[in-house]
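Subject: Structure handover

Hi,

Here is the structure for you to look at. My notes follow below it.

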Amino acid sequence: MNKVRKWIKLAEKNRTKMGKKRRTFSAKQKKEIALAAIRERESMSTIASKYSVHPNQVSQWKKEALLGLEQVFVDKRKHQRELKAQVSLQEELYSEIGRLKMELKWLKKKVGELE
């Protein structure tokens, strides 16, 4: 009987742990935390405790923010040229696929006539 009571208590403890919902942060909150980490006025652990987040999460958001900053300064004209080139290549390839399909149909038809 004593073992059953222990098992029930353990199950109740686990139930409360399993019932926890994962916290979600908005983009604005992540930005604020990442900027605090980039400024480096406080240590990662201080920032983490201030915002009630794990220090690893703070460093991950900092890394993502620094990688994302590169996109802000990308030359938009160069990007547009690359995009146009990609679209024209895609159109060219689609037209070639269509031509090859027509040739294949024609060849199958001719082979069928020979047999």
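First, a term: helices here are DSSP runs of H or I with at least four residues, numbered from the N terminus. On that basis, Glu 40 sits in the loop between α2 and α3 (44–51).

Now the overall picture. This is a predicted model. The protein has an average pLDDT of 86. Of the residues, 83% reach at least 70. Confidence is lowest in helix α1 (residues 2–18), with a mean of 61. It is highest in helix α2 (residues 27–39), at 93.

The protein holds five helices and zero strands. Reading from the N terminus, the order is α-α-α-α-α. Among contacts with a separation of 6 or more, 43% link residues 24 or more positions apart. Buried residues are 9% of the 115 in the protein. The accessible surface is about 11,000 Å². Carbon and sulfur atoms own 57% of that surface.

Lys 62 belongs to helix α4. Is Lys 62 buried or exposed? Its relative accessibility is 15%, so Lys 62 counts as buried, the cut-off being under 20%. Its side chain makes a polar contact of 2.9 Å with the side chain of Glu 40. Leaving aside residues up to four places away in sequence, Lys 62 touches Ala 34, Ala 37, Ile 38, Glu 40 and Met 44.

Glu 40, by contrast, is exposed, because its relative accessible area is 56% and the limit is over 50%. Check its backbone too. Glu 40 is not a glycine, yet its phi is positive, at about 55°. Most residues other than glycine have a negative phi.

Ser 52 also deserves a look. Ser 52 is not a glycine either, and has a positive phi of about 55°. Ser 52 lies in the loop between α3 and α4. Its relative accessibility is 45%, so Ser 52 counts as partly exposed.

Last, the surface. Which residues make the nonpolar patch? They are Leu 66, Leu 69, Val 72 and Phe 73, and the patch covers about 420 Å². Leu 66 is part of helix α4 (residues 55–72). At 43% relative accessibility, Leu 66 is classed as partly exposed.

Best wishes

Notes
Residues are numbered from 1 along each chain as its sequence is written. This is a predicted model: local features need pLDDT of at least 70, side-chain atom pairs count only at pLDDT 80 or more; totals for chains, interfaces and linings use all residues. Side-chain values use heavy atoms; hydrogens and water are left out. Patches are made of residues with over 30% relative accessible area and no salt bridge: like charges are joined within 9 Å, nonpolar side chains (Val, Leu, Ile, Met, Phe, Trp, Tyr) within 5 Å. Accessible areas come from the Shrake-Rupley method with a 1.4 Å probe; for residues, only the protein chains shown count as cover. A salt bridge is a side-chain nitrogen of Lys or Arg within 4 Å of a carboxyl oxygen of Asp or Glu. Helices (H or I, at least four residues) and strands (E, at least two) are DSSP runs, numbered from the N terminus. Buried means under 20% relative accessible area, exposed over 50%, partly exposed in between (1.4 Å probe, protein chains only). pLDDT is the predictor's confidence in each residue, from 0 to 100. Contact means heavy atoms within 4.5 Å. A polar contact is a pair of N or O atoms within 3.5 Å; within protein, one must be able to donate a hydrogen and the other to accept it, and residues adjacent in sequence count only if both atoms are side-chain atoms.
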